Amino acid sequence: MKKTHIFIIAIIAVAAGIILSTTADASVYVLFGEARQRAAEGNATKVHVVGRLPRDGQNRPVGLQYDPMVDPNYFAFTLMDSTHVSQRVVYNNPKPQDFETSEQVVITGAMHNGTFMADNILLKCPSKYVKKDLKGTEVASK
């Protein structure tokens, strides 16, 4: 075999390894009902869930539990998916900045003993994306 053939085979093997390693970590978007079903079936793969924080009459999120003096790496909250199913979520890291003001929350993780254990939290804050004119007032989007 020529050296170029060996080199090409090595490149193909490396490319296949990269593709397999990235697809093994890929997760799907589901609702809490499907996340619970996957956990009941013994499927511990990570999933994404998109939801909103339930709010009280004064537009404050309800169900937040975070006390950095007791445990700075324990943050628990309730999240409601698009079918209005609420679920308790535990995130074993500090509470993300501006969590209370977020419009939408995307969590990655898996169900464990009836609780969704989040590995990652992505916040969707619409204030960054609202168009404003030069005077600072909101402009209706088309």
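Contact here means heavy atoms within 4.5 Å. The model is a predicted one: local features need pLDDT of at least 70, side-chain atom pairs count only at pLDDT 80 or more, and totals for chains, interfaces and linings use all residues. Residues are numbered from 1 along each chain as its sequence is written, and side-chain values use heavy atoms, leaving out hydrogens and water.

Begin with the overall layout. The chain has 2 helices and 7 strands. Both kinds of element are DSSP runs numbered from the N terminus, helices being H or I with at least four residues and strands E with at least two. Along the sequence the pattern reads α-β-α-β-β-β-β-β-β. Of the 142 residues, 25% count as buried. Buried means under 20% relative accessible area, exposed means over 50%, and partly exposed lies in between (1.4 Å probe, protein chains only). The accessible surface of the chain comes to about 10,000 Å², and 57% of it belongs to carbon and sulfur atoms. These areas come from the Shrake-Rupley method with a 1.4 Å probe; for residues, only the protein chains shown count as cover. Among contacts between residues at least 6 apart in sequence, 47% join residues at least 24 apart.

Now turn to helix H2, residues 32-40. Phe32, Ala35 and Arg38 are buried there. Seen down the axis of H2, its buried residues fall within an arc of 120 degrees, so they line one face of the helix. That arc is taken from the directions from the helix axis to the C-beta atoms. The buried residues of H2 pack against strands S1 (28-29), S2 (47-52), S4, S5, S6 and S7 (115-124). Glycine 42 follows H2, with a positive phi near 90 degrees.

Strand S7 holds methionine 117. Methionine 117 is partly exposed, with a relative accessible area of 26%. Not counting residues up to four places away in sequence, methionine 117 touches Val90, Asn92, Thr108, Gly109, Ala110 and His112. Valine 89 is 28 residues from methionine 117 in sequence, yet their C-alpha atoms are 6.0 Å apart.

Two loops deserve a look at the backbone. Most residues other than glycine have a negative phi. Histidine 84 is not a glycine, but its phi is positive, about 65 degrees. Histidine 84 sits in the loop between strand S4 (75-81) and strand S5 (86-91). At 61% relative accessibility, histidine 84 counts as exposed. Aspartate 98 also has a positive phi, near 65 degrees. Its place is the loop between S5 and strand S6 (104-112). Aspartate 98 is partly exposed, at 46% relative accessible area.
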